[in-house]
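Q: I have a structure open and would like to learn how to read it. Could you take me through it feature by feature?

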Amino acid sequence: KWFDWQLGLFNGTGTEKGSFEDKNDRKDIIVNLKKKFSDFNIGVSYYGGQGVWQTFGGTFLPYVNKSRYGADLQYYFNNLTFKAEYFRGRGVDTAIAAWDQSDFVDGYYGQLAFNLTPANQLVGRYSSISTDPVNPKFGRINTWDLGLVHWLDDKSRVKLFYNLTNEEMH
């Protein structure tokens, strides 16, 4: 009544190397809670499990803890929409073999959208993510996305965006 919620319990370890077998006896869990107000939503999410695949479908590491935490919000005011999200996690599939699986990755974004018409929207978005465990030669990556979205119907859209990226090198 007061929250929207989703709960998922999952078996299996993915489809790396075309194998659909379960490589451990653990289950992964996903939980999402969202509180909706008239023009404001706020939510939290959690994903937890065990076992990750090393680089490009290599060895399966069954006892690596995977955990992801997140928080998000949306605010709607007339023709403006503001969205933001923060996440933090560890235990990353396809990370390079030298990646310390206990290291955390984190990131966030903020997005402001203005509805010009019911079918056209201007969008500005800033995002930042910490070192990429799949390609750790890059440090934090910060990105500005500026664009126009045209909705063809309620399920299809065309996007035109300009992207400015700043990648820190290690």
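Q: Let me start with a charged pair: with which residue does aspartate 106 form a salt bridge, and how far apart are the closest N and O atoms?

A: A salt bridge is a side-chain nitrogen of Lys or Arg within 4 Å of a carboxyl oxygen of Asp or Glu. Here aspartate 106 forms one with arginine 140, and the closest N and O atoms are 2.8 Å apart. The pair links distant parts of the chain, since aspartate 106 is in strand β6 and arginine 140 is in strand β8 (residues 138-151), 34 residues apart. Before we go on, please note that this is a predicted model, in which local features need pLDDT of at least 70 and side-chain atom pairs count only at pLDDT 80 or more, while totals for chains, interfaces and linings use all residues. Residues are numbered from 1 along each chain as its sequence is written, and side-chain values use heavy atoms, with hydrogens and water left out.

Q: How many salt bridges does the structure hold?

A: The structure holds four. One of them joins the side chains of lysine 66 and aspartate 28, at 3.1 Å from N to O. Lysine 66 lies in strand β4 (residues 60-77) and aspartate 28 in strand β2, so the pair ties together parts that are 38 residues apart in sequence. Lysine 66 is buried, with a relative accessible area of 9%, and aspartate 28 is buried too, at 6%.

Q: Which residue does lysine 36 meet in a salt bridge?

A: Lysine 36 meets aspartate 4, with 3.2 Å from N to O. Lysine 36 is in strand β2 and aspartate 4 in strand β1, 32 residues apart, and this pair also links distant parts of the chain. Lysine 36 counts as partly exposed because its relative accessible area is 47%. Aspartate 4 is partly exposed as well, at 38%.

Q: We keep naming strands. How many helices and strands are there in the protein?

A: Helices (H or I, at least four residues) and strands (E, at least two) are DSSP runs, numbered from the N terminus. This protein has zero helices and nine strands.

Q: In what order do the strands form a sheet?

A: Two strands pair if DSSP finds at least two bridges between them. The nine strands form an open sheet in the order β1-β2-β3-β4-β5-β6-β7-β8-β9, with antiparallel pairing. β1 and β9 (157-169) stand at the edges with a single partner strand each, so one side of each is left without a neighbour in the sheet.

Q: How many bridges join strand β5 to strand β6?

A: Ten bridges join β5 (residues 80-90) to β6 (residues 105-117), and the two run antiparallel. As an example to look up, glutamate 85 has tyrosine 109 in β6 as its bridge partner.

Q: And over how many bridges do β8 and β9 pair?

A: They pair over twelve bridges in the antiparallel sense. Leucine 148 has leucine 160 in β9 as its bridge partner. β8 and β9 form a hairpin, with five residues between them.

Q: Which residue does the side chain of glutamine 111 join in a polar contact?

A: A polar contact is a pair of N or O atoms within 3.5 Å; within protein, one must be able to donate a hydrogen and the other to accept it, and residues adjacent in sequence count only if both atoms are side-chain atoms. Here the side chains of glutamine 111 and arginine 125 are joined by such a contact of 3.3 Å. Glutamine 111 is found in strand β6 and counts as buried because its relative accessibility is 17%.

Key
Buried < 20%, exposed > 50% of the residue type's maximum accessible area, 1.4 Å probe, protein only.
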